[in-house]
Amino acid sequence: METTVSDPVTEPLLGNGPHEEKTKRYEPATRSDFWDGTREECLRWAHLLSIFIAQSARKIVNALSEFGSLIARLFGCSSAPQSSQNGQTVPLNLSPLQVERLKLLRQRLDVPYDCSSVKHQDALKELWRLAYPNQQLPPLKSDLWKDMGWKNSDPSTDFRAGGFLSLENLTYFARNYPDSFHRLLHKAEGKRPEWEYPFAAGGVNISYMLVQMLDLQSGKISTKAGVHFVQLLEDDEAAFDNLFCVAFQVLDAQWLARRASYMEFNEVLKSTRVQLEKELTLGCISSVQDLPSFRMLKR
């Protein structure tokens, strides 16, 4: 008599296709067949046990990893920038002070220059007094403003890219680093081309470039330079303004090194950004004053 039986030992545990029936003649089991079947059954269970152990070990490791991350977040051990899955770096944690200062900086970005605002008019007048302390203040619309490097007789038309923030940056530069400010304003260093970049309008472009480089207008900072910059806010509320001053000095140095002229301004601005990105991501930088290019500034 013949019958069809399924061999549980030789069939795959999770087959890729339909089970194939195997037809064989029934024979009484011998002692050798019994021990062979028992051995194969033990091997099968040993294999299943090893899979279970491996899966359990992975779950334990994952649980310990998540627990360690939780402890690190609770005790502030993850404040340093870390890489995200898409290859960009994002800050995992910011101190309350960093969060507050970043919020205030972003609020400054949203303020356009308003030519009807007395506050903005006074800030523009203050910039003139700092730039030309021995000269009479001209009207808010005058060709004399072109001497500072505004492209039009009405400076308010040049603030579109940088907003009121760029005027604040220029004023900060004049107040805190007057020697460097006046050397750049008056093009006092190096062999200058006949067609120079306009000082004030160039400053507006620098402010705009820094905002883009640091990714300050996005909801979540994702550039490496931006991640490192926000760490500097812990000890320096004016980190952005100080970085602006460094950026202006770097731009002028590269301008002279390239012997550039007006039509090459955007290329020099791009190379300035590259230089600042490199310096910001150096491991030893804890303040703007630690940047290698900061030493070029003079008060």
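I take buried to mean under 20% relative accessible area, exposed to mean over 50%, and partly exposed to lie in between, with a 1.4 Å probe and protein chains only.

Before reading anything off, I note that this is a predicted model, in which local features need pLDDT of at least 70 and side-chain atom pairs count only at pLDDT 80 or more, while totals for chains, interfaces and linings use all residues. Residues are numbered from 1 along each chain as its sequence is written, and side-chain values use heavy atoms, with hydrogens and water left out.

**Overall layout.** I looked up the secondary structure and found nine helices and four strands, taking helices (H or I, at least four residues) and strands (E, at least two) as DSSP runs numbered from the N terminus. Read from the N terminus on, the elements run β-β-α-β-β-α-α-α-α-α-α-α-α. Of the 299 residues in the chain, 36% are buried.

**Nonpolar core.** I then turned to the core, a set of buried Ala, Val, Leu, Ile, Met, Phe, Trp, Tyr and Cys residues joined through side-chain atoms within 4.5 Å. The largest one has 66 residues, and M148, W150, L210, L216 and F229 have the most contacts inside it. Several helices each supply at least two residues of this core, among them α2 (96-109), α3 (118-131) and α9 (265-280), and α8 gives the most, with 11 residues. Leaving aside residues up to four places away in sequence, I find that W150 touches residues including L124, W145, F159, L170 and V204, where contact means heavy atoms within 4.5 Å.

**Salt bridges.** I counted as a salt bridge any side-chain nitrogen of Lys or Arg within 4 Å of a carboxyl oxygen of Asp or Glu, and a search of the whole structure finds 12.

One of them joins the side chains of R175 and E126 at 3.9 Å, N to O; this pair links distant parts of the chain, with R175 in helix α4 and E126 in helix α3, 49 residues apart. R175 is exposed at 52% relative accessible area, whereas E126 is partly exposed at 24%.

A second pair, D179 and R183, meets at 3.5 Å, N to O. They lie four residues apart in helix α5, so about one helical turn separates them. D179 is partly exposed because its relative accessibility is 33%, while R183, at 13%, is buried.

Last, I looked at D252 and R192, whose closest N and O atoms are 2.8 Å apart. D252 sits in helix α8 and R192 in the loop between α5 and α6, 60 residues apart. Both D252 and R192 are buried, and salt bridges that share partners join K187, R192, E196 and D252 into one network.
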